[in-house]
Amino acid sequence: MKAKVHVMLKNGVLDPQGEAVKHALGSLGFQGVEGVRQGKVIELDLADGTSEATVKDMCEKLLANTVIESYSIELS
């Protein structure tokens with residue numbers, strides 16, 4: 001089984017990397033980009049039968065800083 005965990009900064013938290021990407025896109029001539037938020041995707045290969053609750057526990061304890069980040073889980 002596979003899980004993808006998408007981690008993003010929460011709304012209202014400053015995203016300096018996102019701002020740098022926005023600025024770089026403008027410098028390259030790309031118009032109309034009003035905002036960029038940068039995050040990360042973590043792919044996990046899991047043993048069959050691993051529950052979504054277990055993956056959530058992984059996120060809460062290690063994969064996401066829940067004070068400033070939110071996450072979503074995709075299982076396949």
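Start by selecting D45: at 63% relative accessibility, it counts as exposed (exposed means over 50% relative accessible area, buried under 20%, and partly exposed in between, with a 1.4 Å probe and protein chains only). Before you go on, know that this is a predicted model, where local features need pLDDT of at least 70 and side-chain atom pairs count only at pLDDT 80 or more, while totals for chains, interfaces and linings use all residues. Residues are numbered from 1 along each chain as its sequence is written, and side-chain values use heavy atoms, with hydrogens and water left out.

Helices (H or I, at least four residues) and strands (E, at least two) are DSSP runs, numbered from the N terminus. K2 has 48% relative accessibility, so K2 counts as partly exposed.

**Stop two: E43 and K4**

Now pick E43 and K4, whose side chains meet in a salt bridge at 3.9 Å, N to O. E43 is exposed, at 59% relative accessible area, and K4 is partly exposed at 36%.

**Stop three: the helix pair**

Jump to helix α2 (residues 52-63) and select K61 and D57, which lie 4 residues apart and so are separated by about one helical turn. Their side chains meet in a salt bridge of 3.4 Å, N to O. K61 is exposed at 66%, while D57 is partly exposed at 38%. How many salt bridges does the rule give? The count comes to 3.

**Stop four: the core**

Hide those and select A3, V5, V7, I42, L44, L46, V55, C59, L63 and A64: these 10 residues make up the largest nonpolar core (a set of buried Ala, Val, Leu, Ile, Met, Phe, Trp, Tyr and Cys residues joined through side-chain atoms within 4.5 Å). Strands β1 and β2 and helix α2 each give two or more residues to this core.

Finish on C59. Which residues does C59 contact, leaving aside neighbours within four places in sequence? They are V5, A64, Y71 and I73, where contact means heavy atoms within 4.5 Å.

Definitions and conventions. A salt bridge is a side-chain nitrogen of Lys or Arg within 4 Å of a carboxyl oxygen of Asp or Glu.
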